[in-house]
Each structure stands twice: as C-alpha cells, then as structure tokens.
Amino acid sequence: MELELINHNYSTCSQKVRLCLHEKGLPFKHTQIDFRAKDHLKPEYLKLNPNGVVPTLLHNGRPVIDSSVIMEYLEEVFPEKPLQPDNPYDRARMRAWLRFIEEVPTAAIRVPSFNAAFSRHYRDMSDAEIMANADDRPLRREFYRSMGREGFEDSAVQDSNDRLRKTVIRMDSTLADSAWLVGDDLSLADFCVVPTIDRMIDLGLDFLLDDAPHFARWWAAIQSRPAYDRTYIPGSRVSHVYQDLARSA
Ligand SMILES: N[C@@H](CCC(=O)N[C@@H](CS)C(=O)NCC(=O)O)C(=O)O
C-alpha cells in the first residue's frame, strides 16, 4: 500500500488527515497505535516521528509528520479532487485559518478532553510517576506537568471554553458571507476544525455552538459528506471508549 496512516481512532489530529484521505478518495492502510501501551513513545516510532504524537503518514515508507503538514503534502502529491483554492491569495487565507485553528481551538480542546476522559489514567500515580510520565513526552512535557494528577483547574477550563466559543463566533461571521471557511469550496481549513467541533459535541460542550446560524448550516453540510461518516468509525469518539461519557440521546 502506497499510503499508511499511523494514527489513533479518537485522535483529533488523526481525524483531520482521515477526513482528507476519504474526501480525496485515497486508499490507505490504517494502523492504530496503542496510547496506553505508549507505542507512540517507543524508539521505533520516535524514529519516524520525533515528536512522539500521531498521526504519521508513511508515503512509500517515508514519514511525513504533523497533521496540517500532512494535509498540505497530500494536496501537492495528489492534486486531483483538490481541497485547496487554485489561487495564491485564497491559499494564504486557507493557511491563516490552519494556523489559527492549530493555535486556538486545537490547543483549547485538549483541556476538557483530558479532564473528562484521559486524566483518570494519572489519578493514582505518585508525584515522581507524574513527572516521569511528563518527561517522556517530547512535545507535551509542560502540558502533562500542568495537568498533574487532578486534571486542569476551573480557570483553565473557563479559558478553554472562551477560546472555543470565540472560534465558533469567528467561523459564524465568516460563514455569513461564504459557504465554506474559504469561499465557495470545501478546503483543508474546514477539515482542520471539524474534529474539534465533533469533540466539543461528544464532551457535552455543544452549548458553545448555540446562536451561530451560519455555523450550524456549515456543520450540517460537513456532516452530510461521506468522508465524515467514513472518518468517524466506531472508536472515534472518546465516549465510545470511555462509556461513562456517553449521553443518552
Ligand atoms: N501538531 C501535531 C500534534 C499531534 C498531537 O498532539 N497528537 C495527539 C493526538 S491528537 C497525540 O498523539 N498525543 C499523544 C500524547 O499526548 O501523548 C499534529 O498536528 O500532528
């Protein structure tokens, strides 16, 4: 197989790439790592991705890392069924969205995700174990240190909610004038933020999506893409794995 995606079903960064691969109709081998076994921190994986995170794309065996970089790489190598504008100015607008999404909502969603789902794995660790666990993470040492054993404090949760809400408002204002985040065509910018929105809903943060009618229309359009269903296979939501998070319909 020409393309292999080393990833995790419920990793939001992996979902960005899966959305693109499915939308572009590119077959790929789906290799899932085991986070609990720390597969992503083992020497053989760190040789491919020294950041110790997923996803990693292997293209004919060569690694490409970082989800947004992978998305743009796929555009360059497989330009059929494009997911980027054909002119430099609009591509710059798309990239500005990518950078904003990486810096603001992608970082913000980690706080409620860890508090609701993942921090439970650290609750019974000693201080030394907490520090050693944080020190193992090439990209996220400070993040794991500040989470500690109890999860993030209320002020961090509030700050994260504010950043998520500001993202929705900014999107709603853009989507008042265009079908997608960059003009009339779906692009990488839209797919970059989809996993954060899906995670917000999964965690019960959908109240942050209220009163945003243009955003609501966009979200319905995203959900009607076949690529969306093909990406959100069983195990792709934290509530599929941590069943105490599942809400009754
Ligand atoms: N900038 C990287 C970030 C990737 C990232 O943070 N991946 C998360 C899952 S969404 C991960 O592998 N976390 C592992 C960990 O926290 O140990 C990208 O976009 O690929």
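This is a predicted model: local features need pLDDT of at least 70, side-chain atom pairs count only at pLDDT 80 or more; totals for chains, interfaces and linings use all residues.
Me: Which residue forms a salt bridge with Arg 93, and how far apart are the closest N and O atoms?

Reply: Side chains of opposite charge can pair when their charged atoms come close. A salt bridge is counted when a side-chain nitrogen of Lys or Arg lies within 4 Å of a carboxyl oxygen of Asp or Glu. Here Arg 93 pairs with Asp 90, with 2.9 Å between the closest N and O atoms. Because the two residues are three apart in helix H4 (residues 88–103), about one helical turn separates Arg 93 and Asp 90. By this rule the count comes to 14 salt bridges.

Me: Into which domains is the protein divided?

Reply: Domain bounds come from an automatic or database domain assignment. Domain 1 covers 3–77 and domain 2 covers 88–226. Their centres, taken over C-alpha atoms, are separated by 19 Å.

Me: How many residues of each domain are in contact, and what area do the domains bury between them?

Reply: The size of an interface is often given as the accessible area lost when the parts come together. Buried area is computed with a 1.4 Å probe and summed over both parts. Domain 1 and domain 2 bury about 1900 Å² between them, with 63% of it on carbon and sulfur atoms. Contact (heavy atoms within 4.5 Å) involves 20 residues of domain 1 and 21 residues of domain 2.

Me: How many salt bridges are there between domain 1 and domain 2?

Reply: The count is three. Separately, Asp 136 forms a salt bridge with Lys 38, the closest N and O atoms being 3.3 Å apart.

Me: Which elements give two or more residues to the side of domain 1 that touches domain 2?

Reply: Helices (H or I, at least four residues) and strands (E, at least two) are DSSP runs, numbered from the N terminus. The elements are helix H1 (12–23) and helix H3 (67–77). H1 gives the most, with six residues.

Me: How many residues surround the ligand, and which are the closest?

Reply: A residue is near a molecule if one of its heavy atoms lies within 4 Å of it. Of the 14 residues that surround the ligand, the closest are Val 54, Ser 67, Arg 137, Arg 140 and Tyr 144. A polar side-chain atom of Tyr 144 is 2.5 Å from an oxygen atom of the ligand, and for a polar side-chain atom of Arg 137 the distance to a ligand oxygen is 2.6 Å. From Val 54, a polar backbone atom lies 2.8 Å from an oxygen atom of the ligand.

Me: Is the peptide bond from Val 54 to Pro 55 cis or trans?

Reply: The bond is cis, with omega near 10 degrees. Pro 55 is found in the loop between helix H2 (43–48) and strand E3 (56–59).

Conventions
Residues are numbered from 1 along each chain as its sequence is written. Side-chain values use heavy atoms; hydrogens and water are left out. Buried area is the accessible area (1.4 Å probe) that two parts lose on being put together, summed over both. A polar contact is a pair of N or O atoms within 3.5 Å; within protein, one must be able to donate a hydrogen and the other to accept it, and residues adjacent in sequence count only if both atoms are side-chain atoms.
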